[in-house]
Amino acid sequence: MSSSLTFSIVIPTYRRPAQLGDCLAALTGLDFAREQFEVIVVDDGSGNPPSDLVASFRNRLEITLTSQTHGGPGAARNTGAQMARGRYLALTDDDCLVTPHWLSALQARLNHMPQALVGGRTINAYPDNLYSTVSQRLTDSLYAYYDSHPRSLRFFTSNNLAVARSMFLEVGGFDPTFPLAAGEDREFCARWVRHGHMLVSEDRAVIHHRHWLTMRSFWKQQFWYGRGAYRFHQACVRGRQEGHKVGRDFLGHVIRTCFRTSGLRNGCLAATLMAASQAAIVAGMAAESLLDRKSA
């Protein structure tokens, strides 16, 4: 594909116009030449695509809106990748705010390692929301856990990734059978490594994740993660690939981190939520297993 574009930024969205508007506004502040990147917004079958919202940014961004039948964020990213004209894909989500140096940092890393899958750093935008804080801390702890076990596969969440478009398509993109924002990134990263490719981190590529959670939505999120974990396990079995195995010491590691970083009172609350998250994940795995058996 001949194109002068360096990046195609792909953003899946589903019924979150306010968050999407803030996300696009942040992209207008990138310290990256406007003629070097495009933005592709993929509406995941919302029934009411954000056409007017996207149109309002056309004088500040080279932006395209497309729609698909509701299939989940993984399938939406694949749709965007098929349309992309840039050499590299940069993936983020509609509830994320990129920092001005985001693309520049990703490009600097890719200039040295153009065949790597690059993952940036995600910061919780709501530090006073305990549920959002614990959710992000779980992800951060997984990163740290895998980094301390060199023989385990590492992964990056799909809201802050960059990869050569040709290689993304070569490995098959995201598995479209994952209907939720759960597990599809783990499966993609595991498959990426199985193809013999590298994952590298770039801490200067920072985004702020604006996902306000309540007890109910936190439980639902972790339940979905459990459903995704079951699908990921099944995909690993089918593909005869190693998964991201988490040892029994992981929860203990996370709880100790809660007390070390939050003090006694907040540490107790966070540790309780951590334990609740594991219960929700187990429940989600059991529910997905039951659905799988019924469909079989």
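Colleague: Which residues does Thr99 touch, not counting residues up to four places away in sequence?

Modeller: In this predicted model, Thr99 touches Leu30, Val206 and His208, with residues up to four places away in sequence not counted.

Colleague: And where is the place of Thr99?

Modeller: Thr99 sits in the loop between strand 5 (96-98) and helix 4 (102-112).

Colleague: Is Thr99 buried or exposed?

Modeller: Thr99 has a relative accessible area of 17%. Buried means under 20%, so Thr99 counts as buried.

Colleague: Let us turn to helix 1. Which of its residues are buried?

Modeller: Helix 1 spans residues 17-27, and its buried residues are Leu20, Gly21, Cys23, Leu24, Ala26 and Leu27.

Colleague: What covers the buried residues of helix 1?

Modeller: The cover includes strand 1 (7-13), strand 2 (37-43), helix 2 (51-55) and strand 3 (63-67). Strand 5 and helix 4 also belong to the cover of these buried residues.

Colleague: Now the aromatics. How many aromatic pairs does the structure hold?

Modeller: There are nine aromatic pairs in the structure. One of them joins Phe32 and Phe37 in an edge-to-face arrangement, at 6.3 Å centre to centre and with 65° between the planes.

Colleague: Why does Phe32 count as buried?

Modeller: Phe32 counts as buried because its relative accessibility is 9%.

Colleague: Which aromatic pair is tilted, at 6.0 Å centre to centre?

Modeller: That pair is Phe188 and Trp192, with 40° between the planes.

Colleague: Where do Phe188 and Trp192 lie?

Modeller: Both lie in helix 7 (residues 184-194), four residues apart, which is about one turn of the helix. An α-helix has 3.6 residues a turn, so residues three or four places apart point the same way. Phe188 is buried, with a relative accessible area of 1%, and Trp192 is buried at 0%.

Colleague: Which residues form one aromatic cluster?

Modeller: Phe7, Phe32, Phe37 and Tyr88 form one aromatic cluster.

Colleague: What lies over the face of Phe174?

Modeller: Arg77 does, at 5.1 Å from the ring centre.

Colleague: Which residues line the largest cavity?

Modeller: The lining consists of Asn124, Ser132, Ser135, Gln136, His209, His211, Leu213 and Gln221. By class, one of the lining residues is nonpolar, seven are polar and none is charged.

Colleague: Which helix gives the most to that lining?

Modeller: Helix 5 (residues 130-147) gives the most to the lining of the largest cavity, with three residues.

Colleague: How much space lies in the second largest pocket?

Modeller: About 390 Å³ lies in the second largest pocket. The pocket is lined by 23 residues, and those closest to its centre are Arg121, Thr122, Gln136, Asp140 and Tyr143.

Colleague: Which elements each supply at least two residues of its lining?

Modeller: Strand 6 (116-124), helix 5 and strand 8 (198-209) each supply at least two residues of the lining of the second largest pocket. Helix 5 has the largest share, with ten residues.

Colleague: What is the make-up of that lining by class?

Modeller: The lining of the second largest pocket has eight nonpolar, nine polar and six charged residues.

Terms used:
Residues numbered from 1 in each chain as written. Predicted model: local features only at pLDDT ≥ 70, side-chain atom pairs only at ≥ 80, totals over all residues. Heavy atoms only, no water. 1 Å grid on protein atoms, 1.4 Å probe; cavity = no way out; pocket = protein on both sides within 12 Å on 5 of 7 lines; lining within 4 Å. Nonpolar A, V, L, I, M, F, W, Y, C, P; charged D, E, K, R; others polar. Phe/Tyr/Trp six-rings, centres within 6.5 Å; stacked < 30°, edge-to-face > 60°. Buried < 20%, exposed > 50% of the residue type's maximum accessible area, 1.4 Å probe, protein only. Lys NZ or Arg CZ within 6 Å of the ring centre and 35° of its normal. Points joined across faces, edges and corners; volume = space filled by probe spheres on them. Contact = heavy atoms within 4.5 Å.
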